[in-house]
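I opened my notebook to look up a few side chains. Here is what I wrote down.

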Amino acid sequence: MMIAAPWYLLSIGIVLVIVGVILGALFGVGRLPGPGIDPRLSDAEIAKRLRSQSSLGVPGLIFYAGLLCMFVSAGWRLLRFFH
């Protein structure tokens, strides 16, 4: 069981990355909800818009969890190889 664990972790990571990308495409992650920053806006309004757009969201978390699984899997296999 422990011999195959890094490969299972890698496959879980790949699935999570794909699900995160699909969810990000479906829910429009990365698109601005309204007009961008205009030179006529006050500094407080610009700061408010930047704070509201800086949240990661569920698709981003799923994507990064998948990347973490893939990196842990690669590190685990390298550690076993050199140990």
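**Rings and a surface patch**

I began with Phe63, which counts as partly exposed at 26% relative accessibility. The model I am reading is a predicted one.

Next I looked up Tyr64. Its relative accessible area is 48%, so Tyr64 is partly exposed; the cut-off for exposed is over 50%.

How many aromatic pairs does the structure hold? I noted 2. Phe63 and Tyr64 make one of them: I found their ring centres 5.6 Å apart. Their planes stand at 70 degrees.

Then I turned to Phe81 and Phe82. They form an aromatic pair too, with 5.0 Å from centre to centre. I read 80 degrees between the planes, and this pair is edge-to-face. Are Phe81 and Phe82 buried or exposed? I wrote down exposed for both.

I also checked Trp7. Arg77 lies over the face of its ring. The distance from the ring centre is 4.2 Å.

Last, I looked at the surface. Which residues form a nonpolar patch there? I listed Ile14, Ile18, Ile22, Leu26 and Phe27. Together they have about 540 Å² of accessible area.

Ile14 sits in helix 1, which covers residues 5-26. Its relative accessibility is 39%, so I put Ile14 down as partly exposed.

Terms used:
Residues numbered from 1 in each chain as written. Heavy atoms only, no water. Phe/Tyr/Trp six-rings, centres within 6.5 Å; stacked < 30°, edge-to-face > 60°. Buried < 20%, exposed > 50% of the residue type's maximum accessible area, 1.4 Å probe, protein only. Lys NZ or Arg CZ within 6 Å of the ring centre and 35° of its normal. Patch = residues over 30% accessible without salt bridge, like charges linked within 9 Å, V, L, I, M, F, W, Y side chains within 5 Å. Areas by Shrake-Rupley, 256 points an atom, 1.4 Å probe, with all protein chains shown as cover. Salt bridge = Lys/Arg side-chain N within 4 Å of Asp/Glu carboxyl O. Helix = DSSP H or I, 4+ residues; strand = E, 2+ residues; numbered from the N terminus.
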